[in-house]
Amino acid sequence: MKRLYYLTSNIDSADLISTDLHKEGVSDWRFHIMTKDEAGLYHHHLHGATPFHRYDIIHRGEQGALIGITAGLVANLVLLLTGVADSLGLFTMLLLTTVFAMFGAWVGGLVGLAHDHYKIERFKPELAQGKYLVMVDVKKAEEEKVRQAMKRYHPEATLLAADSPFSNPFVNRITAKASN
């Protein structure tokens, strides 16, 4: 699966892209538009970006879970070294690590609500100008068909990037900016 990022300058173009992508078999669940004109998307019945596309909820949540697991393992190590773990048992120690991981994921997700998605950050200048970012998730077998359809029917839409739709918790914001 790959996510293609296209940029277009007006709502009518985004509407036509939506219609043509539906003809190519791309469902609403794999097609999202991000813009500051949310009302325009609503009036044109276009599938807008979800909070998971807009904000860094998943990415930061994954990072928080990893930090929580590490903290849980360190806590277990301290319990082992002090001899307290002898009376607790393995199940309790695993539960402790799980609680730390879940707390870390929760806190990370909350932190992610305050930040733009790390993969979308590079498109902020265009979005601030009122342009429309069209994100299309395609399977490997249909990628070329979608690219050709976009090139043929929508030369006004610029392909900005092709990336994985999945989050990588080991990529931080600085690394993501440097690779763009």
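Modeller: Residues are numbered from 1 along each chain as its sequence is written. Since the model is predicted, local features need pLDDT of at least 70, side-chain atom pairs count only at pLDDT 80 or more, totals for chains, interfaces and linings use all residues, and side-chain values use heavy atoms, with hydrogens and water left out.

Colleague: What makes strand β3 mostly covered?

Modeller: Buried means under 20% relative accessible area, exposed over 50%, and partly exposed in between (1.4 Å probe, protein chains only). By that rule, 7 of the 7 residues of β3 (132-138) are buried. Strands (E, at least two residues) and helices (H or I, at least four) are DSSP runs, numbered from the N terminus.

Colleague: Why is β3 said to pair with β1?

Modeller: Pairing needs at least two DSSP bridges between two strands. β1 (residues 2-8) and β3 share 7 antiparallel bridges, so they pair. Y6 stands opposite V134.

Colleague: What puts the buried residues of α8 on the same side?

Modeller: In helix α8 (143-153), E143, V146, A149 and M150 are buried. They cover an arc of only 135 degrees around the axis (taken from the directions from the axis to the C-beta atoms), so they share one side of α8. The face turned away from that buried side carries exposed K151 and R152.
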